[in-house]
Amino acid sequence: MNADPAALLELAKAAAAAGAAVLATRNAAALDVSNKGDSGDWVTAFDVAAEAAVRDIITTARPQDIITGEEGGTVLPDTPSGYRWSIDPLDGTTNFIRNIVYYGTSVAVADPDGVWLAGVVNAPALGRTYFAARGHGAWLQEKGQLTQLNGPVPGRTGQILATGFSYDPAVRAEQSAGLGSIMAGFADVRRLGSAALDLCLVADGTHDAYGERGLNEHDFAAGALIAEEAGCWVRRPRLTSPLAGGPSDGERLASWTCAGTLELSGTFPL
């Protein structure tokens, strides 16, 4: 089943909106919080319900597409089309639990060659939807206004670096130790707790650069495309596909996802 990026984007928007609608019903009494293994890596009833809503929209429209979700893993139909969706139903779960507004539903789709074609990050508490289709630019829908995104202003004074830290104590110690050298040339650092939104905030020029080690594919799939279509330099990790049983924790924890202006491309470790 072939589809052009613009058509896939419309479906991605609908799917992300369905997930975000679940998040918008946030009720502290109904969170049903549990831990996924690492300290601080939480899942709530809303993560699970939002992913179900996203999957339902995609499967109804394109039943032969493969779906990889943070909570539900990878589902292959009997005769796969080759197109694969990567879903993070609630990126920023800790923020969501504590009612910090930086969270959202991230939905992206890749073609049979693994090229990302469309991506959406819908942040209901912010009232923002970021989206992009390959070759069609990156956009922000907010308060009824549509704005094309062009990335951060190169060389401006007081540049801001966004990053995040691993749940793994050893990796986090390494990240902390290396932060000083990475921050050379930056005025300050931000840690908002949502990789998807950090990438979108590079796309809209709020952050000057973002770099984080150890992301999962569903964390960056949509946001990286949005930053790329905004004209940013983007580095995605070359992780083994979930279809091939990957990535391993070691592979993931060793890899960086980065975005910013081209002048900042040498900031992050290779």
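Two strands are taken as paired if DSSP finds at least two bridges between them. In this predicted model, strand β11, residues 160–162, meets that condition with β12: three bridges join the two, and they run parallel. One of the bridges involves Leu161, whose partner in β12 is Val189.

The pair belongs to an open sheet of five strands, ordered β12-β11-β13-β15-β14, with mixed pairing. β12 (188–190) and β14 (233–235) each have a single partner strand and stand at the edges, so one side of each lacks a neighbour in the sheet. Ignoring direction, neighbouring strands of this sheet are turned against each other by 15° on average.

Two helices pack on the sheet. Helix α4, residues 169–182, touches β11, β13 (209–213) and β15 (256–260). The direction of α4 makes about 150° with that of β13. Helix α5, residues 195–203, also packs on the sheet and touches β11, β13 and β15; the angle between the directions of α5 and β13 is about 155°.

The sheet and these helices are part of a protein with seven helices and 15 strands in total. Its radius of gyration is 17 Å, close to the 18 Å given by the globule rule for 270 residues, so the protein is as compact as a globular protein of that length. The C-alpha trace spans about 50 × 40 × 40 Å along its principal axes.

Among contacts in the protein with a separation of 6 or more, 60% are between residues 24 or more positions apart. Of the 270 residues, 52% count as buried. The protein exposes about 11,400 Å², of which carbon and sulfur atoms supply 51%.

How values were computed:
Residues are numbered from 1 along each chain as its sequence is written. This is a predicted model: local features need pLDDT of at least 70, side-chain atom pairs count only at pLDDT 80 or more; totals for chains, interfaces and linings use all residues. Side-chain values use heavy atoms; hydrogens and water are left out. Helices (H or I, at least four residues) and strands (E, at least two) are DSSP runs, numbered from the N terminus. Axes are lines fitted to C-alpha atoms, for helices over the stretch in contact, and angles run from 0 to 180 degrees between N-to-C directions. Contact means heavy atoms within 4.5 Å. The radius of gyration is taken over C-alpha atoms; the globule rule is 2.2 Å times the number of residues to the power 0.38. Buried means under 20% relative accessible area, exposed over 50%, partly exposed in between (1.4 Å probe, protein chains only). Accessible areas come from the Shrake-Rupley method with a 1.4 Å probe; for residues, only the protein chains shown count as cover.
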